[in-house]
Structure formats: C-alpha cells, structure tokens
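Open the model in your viewer and keep the selection panel handy.

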Amino acid sequence: MRIDKLLANMNYGSRKEVKKLLKNGLVEVNGEILKDGKSHVEPELDTVTVNGEVVDYVKNVYVMMNKPAGVISATEDNIHMTVVDLLGEEYASHKPFPVGRLDKDTEGLLILTNDGQLSHRLLAPKKHVPKTYYAKIDGKVTEKERMMLEKGVKLDDGYVTKPAELTILKSGVQSEIELAITEGKFHQVKRMFEAVGKKVLYLKRLQMGSLKLDPSLSPGQFRSLTSQEIEQLEKDSPSP
Ligand code: URA
C-alpha cells in the first residue's frame, strides 16, 4: 500500500497534509525517513512512525448490510438501535460507520466501513455516484410525473433536483417504481415524490454505484464486501 494512502486512511490528515508530514521528514519506515508518498509499505510487516509515534495499523473493513426498518443509520444512539450495533463486537474495534444515511423506515443496501476516503468519494456530489431505490407509492404514478421527476423537481426548500432515471414497474392505486439519483439530499426520494404530490409508502435502496444489494441478505443481515466489490467501488468514485 502507498504510504500516503495508509496515513490518510489512519486519519493522519488529507493526502495534502500527509504529503507535508512526509516532506518534513516526520515519517519513518523501519527507522528510515521516507519522503515520497508514492513509496509502498507492507502495513502489517513494516513499522511506520509519525513524529516518533508508531502507527497502529488497523485494517479497513467494508461491509454490505441489508438495513432493516426501525434501525437508525448512525454509529451510536441513546435510544434506538443503530446499524453499527447490529454489526456487533467483531467489528467494534475497527470503528465502522455508515456511508451516508438511510431513513429509520428505509430498508436496503447500506455500506459500512472505516475507510473515510472511500466514503467521502462515494457521497461527494461531484462524483455523481448513482443510488438506485425501489419504492411503493400511494396512487398512480403517471408518465407526466415520470418526466418531471427525471428532469428535476423543486423540493420544499427550493432546491431543484439533478436529472434522475425513473422506471415505473407498476402503476395503479399503489404504484411501484425504481428511481436512480446521483445526489443524497435529506429524505430526497420522499421529497421528490412530495414535489409531484405523491407519498412514498415503502422505500428500499437496491444499488450504490456498481454495488447491488446481495439478494441472499435478509433485512438485518450483512456480509463483508469481496475484494472485487471494493475495487469496483474504488473505480466508481476515482480519486482526483
Ligand atoms: N431518500 C429518502 O427519502 N430516504 C432515504 O432513506 C433515502 C433516500
């Protein structure tokens, strides 16, 4: 792993700040000063120090969860069960956190990790990483509403949403749709439907970037991401 990535992952600052630490000769690997951020180290074998302090390398964890309704997307809460509580003791020392939030009543794909850089990139508006949702809507979703939602609608705070993709799976007294958006405003899907006078009855996230919710996971279940899935997510949201 590149030394600058290792130090940024271990919260020694942004890539820029880490570069400065290296340039100032504050980083040593096995007792030798290392100045080039591109140099590779073996995090589990090499002894890395910053300012004389040993960097206690914690491996990154990447988990996919099928978030159940009733659980909140946070690391801790005094009243409610959180998605991190659901992960249990095994992951606690890695200090995972959810990548973005799903509402308490929303189900589906949630990534939990301690990789702050990847999380940031997956959520950054500029990266346009698409998130796909399945929803049940009260009432008939019409072709006209589909076009409005795809083009962009004005939310209750005046914000106009970016272009989206909407597929009507079923249109009737209760409709079923899939919506792909590239942003993550607070309650965005619910507020987009409110903007066309409709109410979301049920919401589930199906996909984030190229990562699809594993259909074998029931609500509340989770599994580690495979290395291919992690690589793919890195490609979905490349570093500048
Ligand atoms: N949009 C919402 O309204 N809620 C969610 O949980 C996610 C997206």
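Which side chain has an N or O atom 2.9 Å from an oxygen atom of the ligand? Select threonine 106: its side chain supplies that atom. This is a polar contact, a pair of N or O atoms within 3.5 Å.

This is a predicted model, where local features need pLDDT of at least 70, side-chain atom pairs need 80 or more, and totals for chains, interfaces and linings use all residues. Numbering runs from 1 along each chain as its sequence is written, and side-chain values use heavy atoms, without hydrogens or water.

A backbone N or O atom of aspartate 103 lies 2.7 Å from a ligand oxygen. At lysine 190, a polar backbone atom is 3.1 Å from an oxygen of the ligand. The ligand alone exposes 240 Å², and the protein buries 97% of that (Shrake-Rupley method, 1.4 Å probe).

Pick Leu102, Asp103, Thr106, Tyr133, His187, Gln188, Val189, Lys190 and Leu203. Colour by class: four are nonpolar, three polar and two charged. Tyr and Leu count as nonpolar here, and Asp and Lys as charged.

Highlight helix α7, residues 188-195. This helix gives the shell three residues, the largest share. Helices are DSSP runs (H or I, at least four residues).

Finally, zoom out and colour domain 1 (3-54), domain 2 (62-125 + 211-236) and domain 3 (130-208). The bounds come from an automatic or database assignment. Domains 2 and 3 each give the shell at least three residues. The C-alpha centres of domain 1 and domain 3 are 45 Å apart.

Technical notes: A residue is near a molecule or strand if one of its heavy atoms lies within 4 Å of it. A polar contact is a pair of N or O atoms within 3.5 Å; within protein, one must be able to donate a hydrogen and the other to accept it, and residues adjacent in sequence count only if both atoms are side-chain atoms. Helices (H or I, at least four residues) and strands (E, at least two) are DSSP runs, numbered from the N terminus.
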